[in-house]
Amino acid sequence: MIRKKIYSAISGGYEAPREDIKVFTGENQFVQPVMDAKIYKVLSHLYVDADISVWVDGNIFPKLSVHELIDKYLPSGVDMAVFQHPYRNHLFEEFQALKYVERLRRSPKFMANIHRQEQHYKANGNIFAPMFECGFLIRRHNIDVEEFNNAWWAEICRWTERDQLSFSYLLGKFPDIKLAAIPGNIRNHPDFTYTNLH
């Protein structure tokens, strides 16, 4: 029997409590409240006892069961499934968007980290890697995915909490991982209800 579980995490009052799925609510582990939730998101193999896990951000409500989601979006032989980014095609475009939008509301330290991360990725990877949106993520709990998760968390801790940046970058470092890119926009997708937090 394949164990399948869907989960989320909330912290810092960013999302309303929910009871439809398993929700982790770790608080005050990190200086940044968003990291209290993100550790559960990224390190699924440490916190979710399953063969396949489905992560949803706290503001995303699936209309399908966990079994239906996996059957529909995770083909046989594929390790992970995630939505394509609905607005940007490449990692370079995401960096440009962040530098334009985030500079208006983020600290100089955050923006400096974004700049250093971009320069590092330019020098060590593919700055034009495809972009994905990680609010919905299906993963098989195998060795390749565990290693990816650990590397993903290390990148987030090194640079910024913007996990989509390091997710796209790291895929190029893990060529054995098979990824299913889901087309469409989760904000207006028939299989999900999306709540805008802003």
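Mentor: The radius of gyration is taken over C-alpha atoms, and the globule rule is 2.2 Å times the number of residues to the power 0.38. Keep in mind that this is a predicted model.

Trainee: What makes the radius of gyration of the protein agree with that of a compact globule?

Mentor: For 198 residues the rule gives a radius near 16 Å, and the protein has 16 Å, so the two agree. Along its principal axes, the C-alpha trace spans about 45 × 35 × 30 Å.

Trainee: How many helices and strands does the protein have?

Mentor: The protein has seven helices and eight strands. Take contacts between residues at least 6 apart in sequence: 76% of them join residues at least 24 apart.

Trainee: What share of the residues count as buried?

Mentor: The share is 50% of the 198 residues. A residue is called buried when its relative accessible area is under 20%. As for the surface, the protein exposes about 9900 Å², and carbon and sulfur atoms supply 52% of that area.

Trainee: How many positive and negative side chains are there?

Mentor: There are 24 positive and 24 negative side chains. The centres of the two sets lie 5 Å apart.

Trainee: Why is helix H1 called mostly covered?

Mentor: Helix H1 runs over residues 33–42, and eight of its ten residues are buried. Those residues are Met35, Asp36, Ala37, Lys38, Ile39, Tyr40, Lys41 and Val42.

Trainee: Why is Gly135 called buried?

Mentor: Its relative accessibility is 8%, and the cut-off is under 20%, so Gly135 counts as buried. Gly135 is found in strand S6, residues 132–140. Leaving aside neighbours within four places in sequence, Gly135 is in contact with Lys41, Trp55, Val56, Asp57 and Ile60. Gly135 and Asp57 are 78 residues apart in sequence, yet their C-alpha atoms are 5.0 Å apart in space.

Trainee: What makes Leu74 a buried residue, and where is Leu74 placed?

Mentor: Leu74 has 6% relative accessibility, which is under 20%, so Leu74 counts as buried. Leu74 lies in the loop between helix H3 (66–73) and strand S5 (80–84). Its contacts, leaving aside neighbours within four places in sequence, include Ile52, Met80, Ala81, Ile138 and Arg140. The C-alpha atoms of Leu74 and Ile138 are separated by 7.1 Å, and the two residues are 64 apart along the chain.

Trainee: How do you know that Glu161 is buried?

Mentor: At 8% relative accessibility, Glu161 is under the 20% cut-off and so counts as buried. Glu161 has its place in the loop between helix H6 (143–158) and helix H7 (163–171). Not counting residues up to four places away in sequence, Glu161 touches Gln32, Val34, Met35, Lys38, Arg106, Phe110 and Ile156. Val66 is 95 residues from Glu161 along the chain, and their C-alpha atoms are separated by 27 Å.

Trainee: Why is Ser107 called partly exposed?

Mentor: Ser107 has a relative accessible area of 37%, between 20% and 50%, so Ser107 is partly exposed. Ser107 lies in the loop between helix H4 (91–101) and helix H5 (108–124).

Key
Residues are numbered from 1 along each chain as its sequence is written. This is a predicted model: local features need pLDDT of at least 70, side-chain atom pairs count only at pLDDT 80 or more; totals for chains, interfaces and linings use all residues. Side-chain values use heavy atoms; hydrogens and water are left out. Helices (H or I, at least four residues) and strands (E, at least two) are DSSP runs, numbered from the N terminus. Buried means under 20% relative accessible area, exposed over 50%, partly exposed in between (1.4 Å probe, protein chains only). Contact means heavy atoms within 4.5 Å. Accessible areas come from the Shrake-Rupley method with a 1.4 Å probe; for residues, only the protein chains shown count as cover. Lys and Arg count as positive and Asp and Glu as negative; His and the chain ends are not counted. The place of a charge is taken as NZ of Lys, CZ of Arg, CG of Asp or CD of Glu.
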